[in-house]
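Subject: Structure handover

Hello,

Here is the model to look over. My notes follow below it.

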Amino acid sequence: MHEDLQIIFDTVKEGMEKAVEHFVSEVNKLRIGRASASMLDSVTVDYYGSRTPLNSLATVQAPDAQTIVIQPWDRSTISLIEKAVLEANLGFNPQNDGKVIKIYLPPPTEERRRQMIKLVHREGEQARVSIRHRRHEGLEELRKLKKEGWPEDDLKRAEQELDKLTRSYIEKIDQLMKKKEEDILSI
């Protein structure tokens, strides 16, 4: 492949890769009802007059899909941690047994699952649009080469390769969407 074509393809591919990464990032932010220690990352505890991150005072784990367990390193902080979780307004109802705090997450309702699937589809469509936009930019660059006198056969092959690349990235988005949808429905 000629150097100019390689530059065009590399640029287009990089843009398509970023669209996929953005999609993955956005759908991973969805709370699909599966417990995760990172759900409490924003919680800070009023510890001796200063706001201290929860993970600096306790071990936070998700032993299963519906439970988060907070085990303070110092048991005297357990009530402070419980209060901080409640004040964080995350919709959690912590249960304190004097040694650990447990948070049970109810499975999402059918309506909530449908909403999350719609969000996944919306993000997927935005990713597809972005990928098609990158294809369009690549075609524009190929048209410029045509005006510079490049052989039409070479440009036709490059256009076919660009279409093939676009289809592969759209398929990747479709596969990721299907997997996320299955994850949501399996909860």
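Leaving aside its neighbours within four places in sequence, which residues is Ile 173 in contact with? They are Val 20, Phe 23, Gly 124, Ala 127, Arg 128 and Ile 131, where contact means heavy atoms within 4.5 Å.

First, the ground rules. This is a predicted model, numbered from 1 along each chain as its sequence is written, and local features need pLDDT of at least 70. Side-chain atom pairs count only at pLDDT 80 or more, totals for chains, interfaces and linings use all residues, and side-chain values use heavy atoms, with hydrogens and water left out.

Overall layout

The chain has four helices and six strands. These are DSSP runs numbered from the N terminus: H or I of at least four residues for helices, E of at least two for strands. Along the sequence the pattern reads α-β-β-β-β-α-β-β-α-α.

The C-alpha atoms fill a box of roughly 80 × 40 × 20 Å, taken along the principal axes. The radius of gyration is 24 Å, whereas a compact globule of 187 residues would have one near 16 Å. That radius is taken over C-alpha atoms, and the globule rule is 2.2 Å times the number of residues to the power 0.38.

Of the 187 residues, 35% are buried. Buried means under 20% relative accessible area (1.4 Å probe, protein chains only). The chain exposes about 11,600 Å², with carbon and sulfur atoms supplying 48% of it; areas come from the Shrake-Rupley method with a 1.4 Å probe. Among contacts with a separation of 6 or more, 67% are between residues 24 or more positions apart.

Helix 3 (110-147) has 38 residues. From first C-alpha to last it reaches 56 Å, close to the 56 Å expected at 1.5 Å a residue. The expected span is 1.5 Å times one less than the number of residues. Just after helix 3, Gly 149 takes a positive phi of about 100°.

Helix 4 (152-185) has 34 residues and reaches 49 Å, close to the expected 50 Å. Its buried residues include Leu 155, Leu 162, Thr 166, Tyr 169, Ile 170 and Ile 184. The buried residues of helix 4 pack against helix 1 (3-28) and helix 3.

Ile 173 lies in helix 4. Ile 173 counts as buried because its relative accessibility is 0%. Arg 134 is 39 residues from Ile 173 in sequence and 15 Å away in space, C-alpha to C-alpha.

The cores

A nonpolar core is a set of buried Ala, Val, Leu, Ile, Met, Phe, Trp, Tyr and Cys residues joined through side-chain atoms within 4.5 Å. The largest has 27 residues. Phe 23, Ile 131, Leu 142, Leu 145 and Ile 173 touch the most other members. Helix 1, helix 3 and helix 4 each supply at least two residues of this core. Apart from it lies another core, of 19 residues, among them Leu 57, Ala 84, Phe 92 and Leu 105.

Ile 131 has its own list of contacts. Leaving aside neighbours within four places in sequence, Ile 131 is in contact with Met 16, Ala 19, Val 20, Thr 166, Tyr 169, Ile 170 and Ile 173.

Four strands form an open antiparallel sheet in the order 3-4-6-5. Two strands pair if DSSP finds at least two bridges between them. The edges are strand 3 (58-64) and strand 5 (95-96), each pairing on one side only.

Strand 3 and strand 4 (67-72) pair over five bridges. Thr 59 has Gln 71 as its bridge partner in strand 4. A hairpin of two residues joins strand 3 to strand 4. Strand 5 meets strand 6 (101-104) through two bridges, and Asn 96 has Ile 101 as its partner.

Strand 1 (44-47) and strand 2 (50-53) run antiparallel, joined by four bridges. Tyr 47 has Ser 50 as its bridge partner. The two strands form a hairpin with two residues between them, and Tyr 48 in the turn has a positive phi of about 50°.

Thr 77 sits in the loop between strand 4 and helix 2 (78-87). Thr 77 is buried, with a relative accessible area of 3%. Not counting residues up to four places away in sequence, Thr 77 touches Tyr 47 and Pro 72.

Best wishes

Terms used:
Buried < 20%, exposed > 50% of the residue type's maximum accessible area, 1.4 Å probe, protein only.
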